[in-house]
Structure formats: structure tokens, C-alpha cells
Amino acid sequence: MGYPGIPIDPEKRPKLEPGGKELDASGMYLLPGFVDMHGHIGGKAQGADPDYVFKLWMAHGVTTVREPSGRGVDFTMDLKRKSEKNEIIAPRILAYTGFGQGADGGISTAAEARAWVRNNASKGADGIKFFGASPEIMKAALDENNKLGLRSACHHAQLSVARWNVLHSARAGLTSMEHWYGLPEALFADRTVQDYPLDYNYNNEQHRFEEAGKLWKQAAAPYSDHWNAVMDELLALDFTLVPTLNIYEASRDLQRARRAEWHEDYTLPSLWEFYKPSKISHGSYWHYWGTEQEVAWKENYTLWMTFINEYKNRGGRVTTGSDSGFIYQLYGFAYIREMELLREAGFHPLEIIRSATLNGAEALGMDDKIGTVTKGKLADFVIVEENPLKNLKVLYGTGAIKLTEDNEIARVGGVKYTIKDGIIYDAKQLLQDVKEMVDAAKEKEGYKIRQPGVKD
Ligand SMILES: [Zn+2]
């Protein structure tokens, strides 16, 4: 590919082997394939088929996805094996089964937890996604999982977090935390439980998300002794953060998330229905969401981002994960938004690319195979015509807006090629396939093509 302006000595070029294909990427930018550390393949409630989700990911350079609990281990393992053989167009998949998923009657003892963990490993899963449980069960499950050499993730749901926060998890051997729940609770200095209204109802999602927006303020202040001590202990335990900043962004700016320009062409009508204010869909907590809630969440973000950026500065591993398919966040597009939010948190653009590639590979235990452009590793690459370090927006499928010398408005960027296992995919064609799926679904359901959510 060479460097711009530096001619390549034809004698020194690697020779194309017979049967190989040479791709002219002169003047383009090549990055390692992206790792989405929190990618749900799509649930029935969203009406999103795997093919739709996979193409959106691949169109945005995502070549590896960790699925943190999906439609069950058998469903995910089937897709994982097909992707491994490249029988389908899909990123490589790491299956982290939802803890307790498939167990009859739930898990209520340590022995049951251990048995579930062994069964999960025997099915070929790569790890477990926890949502929090009682301390005895968390300890037993993590212990058994670590003995088997598998990895783990946890969304520390608010129900169990007063007794078991991120620090308990990290000490017990959890390898990564999702989102941010459980971290402010580990940082409590003048309380032991969340200061929620006394009629708080976790099943009322306006309650749940509105009160969550006031949590970081209840934690120890940035750079205070307790804040530093918690951070240093997590660092010493080599604990990985998967913040998924984008998935809460509608909480601080609902209009931005709702009106994102890609919804028009790429959001399925069923997904749009799922996003709409609802007491039924998860993450559709807009019973009455206004200025007060958004301002609280903006403060929440500032404190949260301060922790993440400093964790990175002290040598901690922060990865890039999207959690799309909820809260107006669309597969692939939301991954690029996650990069932009890491930038807002204070990451240098190169630190973001490392977070999206090598850090993810390390967290998955795959840094001998993926994460950098290195001879001997798998050929997973992202190729783009514009410099993504100068403007991360060029990685969005819809590209970035740029005025030409002649005062014409142009769209530049969008990933050009995604290469997985050495197979070259035309990223723009993948997006076109998605648009056709969406158009067909809208026509079938009587939607206007250009406007999501508006029925004729
Ligand atoms: Zn998730």
C-alpha cells in the first residue's frame, strides 16, 4: 500500500502467489479489523434477522463480535460455526452465554451454578455473560468458569449490586465488566446502597433509567482517595472495561438518537417499532423524558468518562463495544458512535483504534490471531479512502459531509472494503443489501420508504 508520496520499490514488493488476488488500495488507509465487544445478534422482539445485523457490522469494519447472551447457546454456536467456515457473511463470533439461560427453574445453589457452567463449556461457548446474582452463586460460577479457562462479562444489574459490585466481581475473577453499572456502587464512600426514591420500581423503565442517571453523583469524586484506590485495584487485577457509552446516549440527547440520519435507509420498521416509547420493549423508557432527565445524564456522562479516560491513562484496558438493537442504536453505526464517544472521553484517535482492535483481541484472549496487522495473524482488515484519525465520521456507512473546492456538498468515506479471513467484502454493497431488506420490509408493512415510524 505504501505511504503517500513514497514510491514502493517494485523489487521489494511481496510477490503475488498463484491464485491470489491483488487489491489496489493506493492512497487508502488500512486498519486491523474491528472487535465489537458487546454485540447482540438480534432478538425476536427487534425483528432483526442475523443476516441484517451481520451485514451492518461487516459494512462498518467489524470482523469479530463477542455476543454477550443472545437467543441461547445453540443458536449462537450454530452461527459461530458457519462464520468460522465462512459459509455466511458474518464477523467471527465469540459466544458468551447468558448465565442461567436454558436452566430449568433457575439457579439457586452454588452446586447448580457449577453444573450450569460446566454444561455451557461443554457446548463450546467461549464464556459467560452474568447479570449479577447472590455472592455465593457469583463466586461459585466464576471459580468454575476460570478453572475451565473461559472468560466472562457482567452487566451488574441494579437489583444485586448492593451486595456484589464490580470490585467483588473483579476479585472473584470476572474478566470484563459491561456498561458501567456496579462501578459507582464500588465507588460509594458515604453510603452502601443507591439513593433511589423509596417507591423505586426496577420494572418501570422510566424509573430505572432516570434514577440511573443520578448514580455517578453519589459515588466518590474523581481523583479522591477512594476513587483512586478502586481504580488501582481494578488495574492490578487486569480488569477490562467495556463501557458501551453509545447505548445510553439517547438518555442525554433523545432527539439526536431518534433522528440519526441512517434510520431512514437502514433501520427495519420492526426495529423502529421496538425503539418507540413503550412499557413493554426493553430500553424504550420514554414515558416522559425531558430536559431534567437529559441534563442529569450529561453530568452522569462527565463523571463516567473521567473514570474511563483515567483508567486508560493508567494502563487499563478499555475496549469498544456497542450493545446495538436497543435505545435507537443501530448495528454497525453505533459502533462508530462508540469510537466518537471515546474521543469525547479524552482518548487520542490512535488510542481509540487500539481500543477497537488490539485491546478487544487481548480481552478475548485472541491477540495471537487478530488485533494488529501482523504477518502470521488472520487477515482481518478495514480499508477506507479517507483518514479516520482526522475524522472518525468517515467510518459511518453514511460517510461524512465535506464541501468541495467548487462549493459542492459531497459525502466522503464509508468503509470501502472489510476483509475477514482474507476474504474481501465490498462494504458499500453490504449496505446496499441492507437497504434493500429494509425497503422490502417497509413495502410489506405499508411504511413510507423515507420515513421510519410513519405509516401511510
Ligand atoms: Zn447488552
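**Figure 1. Leu241 in strand β8 of the predicted model.** In this predicted model, Leu241 has its place in strand β8, which covers residues 240-242. With a relative accessible area of 3%, Leu241 counts as buried, because buried means under 20% on this scale. Thr175 is shown together with Leu241: the two residues are 66 residues apart in sequence, and their C-alpha atoms are 9.0 Å apart in space.

**Figure 2. Ile419 in strand β13 and its distance to Thr63.** Strand β13, made of residues 417-420, is the place of Ile419. The relative accessibility of Ile419 is 7%, so this residue counts as buried. Although Ile419 and Thr63 are 356 residues apart along the chain, a separation of 7.7 Å is found between their C-alpha atoms.

Figure 3. Lys214 is found in the loop between α7, which covers residues 205-212, and α8. This lysine, Lys214, is partly exposed, as its relative accessible area is 31%. Lys214 and Gly132 are 82 residues apart in sequence, and from C-alpha to C-alpha they are 21 Å apart in space.

**Figure 4. A salt bridge between Arg314 and Asp232.** The model has 34 salt bridges in total, and one of the pairs that form a salt bridge is Arg314 with Asp232, whose closest N and O atoms are 3.1 Å apart. Arg314 lies in the loop between α13 (291-313) and β9 (317-318), whereas Asp232 lies in helix α8 (residues 225-236), so the pair ties together parts that are 82 residues apart in sequence. Both partners are partly exposed, since Arg314 has a relative accessible area of 29% and Asp232 has a relative accessibility of 40%.

**Figure 5. A salt bridge between Arg252 and Glu344.** In this view, the side chains of Arg252 and Glu344 meet in a salt bridge, with 2.8 Å from N to O. The pair links distant parts of the chain, for Arg252 belongs to helix α9 (residues 249-252) and Glu344 to helix α14 (residues 333-345), and the two are 92 residues apart.

Figure 6. Elsewhere, salt bridges that share partners join Glu249, Arg252, Arg256, Arg337, Glu340, Glu344 and Lys393 into one network.

**Figure 7. Two residues other than glycine with a positive phi.** Asn86, which is not a glycine, has a positive phi of about 55 degrees. The loop between α2 (73-84) and β4 (92-98) holds Asn86, and this residue is partly exposed, with a relative accessible area of 23%. His179 likewise has a positive phi, near 60 degrees, and is found in the loop between β7 (176-178) and α6 (183-186). At 4% relative accessibility, His179 counts as buried.

**Figure 8. The second largest pocket.** Rolling a probe the size of a water molecule over the atoms shows where empty space is left. The second largest pocket holds about 410 Å³ of space. It is lined by 27 residues, of which His40, Gln46, His282, Asp323 and Phe326 are the closest to its centre. Sorted by class, the lining of this second largest pocket consists of 10 nonpolar, 11 polar and six charged residues.

Figure 9. Which residues make the nonpolar surface patch of about 370 Å²? The patch is made by Ile401, Leu403 and Ile409. Among these residues, Ile409 has its place in strand β12, which covers residues 409-412. Ile409 is exposed, because its relative accessible area is 71%, and exposed means over 50%.

Conventions: Residues are numbered from 1 along each chain as its sequence is written. This is a predicted model: local features need pLDDT of at least 70, side-chain atom pairs count only at pLDDT 80 or more; totals for chains, interfaces and linings use all residues. Side-chain values use heavy atoms; hydrogens and water are left out. Patches are made of residues with over 30% relative accessible area and no salt bridge: like charges are joined within 9 Å, nonpolar side chains (Val, Leu, Ile, Met, Phe, Trp, Tyr) within 5 Å. Accessible areas come from the Shrake-Rupley method with a 1.4 Å probe; for residues, only the protein chains shown count as cover. A salt bridge is a side-chain nitrogen of Lys or Arg within 4 Å of a carboxyl oxygen of Asp or Glu. Helices (H or I, at least four residues) and strands (E, at least two) are DSSP runs, numbered from the N terminus. Buried means under 20% relative accessible area, exposed over 50%, partly exposed in between (1.4 Å probe, protein chains only). On a 1 Å grid over the protein atoms alone, a cavity is a set of points where a 1.4 Å probe fits but cannot get out, and a pocket is an open set with protein on both sides within 12 Å along at least five of seven lines; lining residues have an atom within 4 Å of a point. Grid points are joined across faces, edges and corners, and a volume is the space filled by probe spheres set on the points. Ala, Val, Leu, Ile, Met, Phe, Trp, Tyr, Cys and Pro count as nonpolar, Asp, Glu, Lys and Arg as charged, and the others, Gly among them, as polar.
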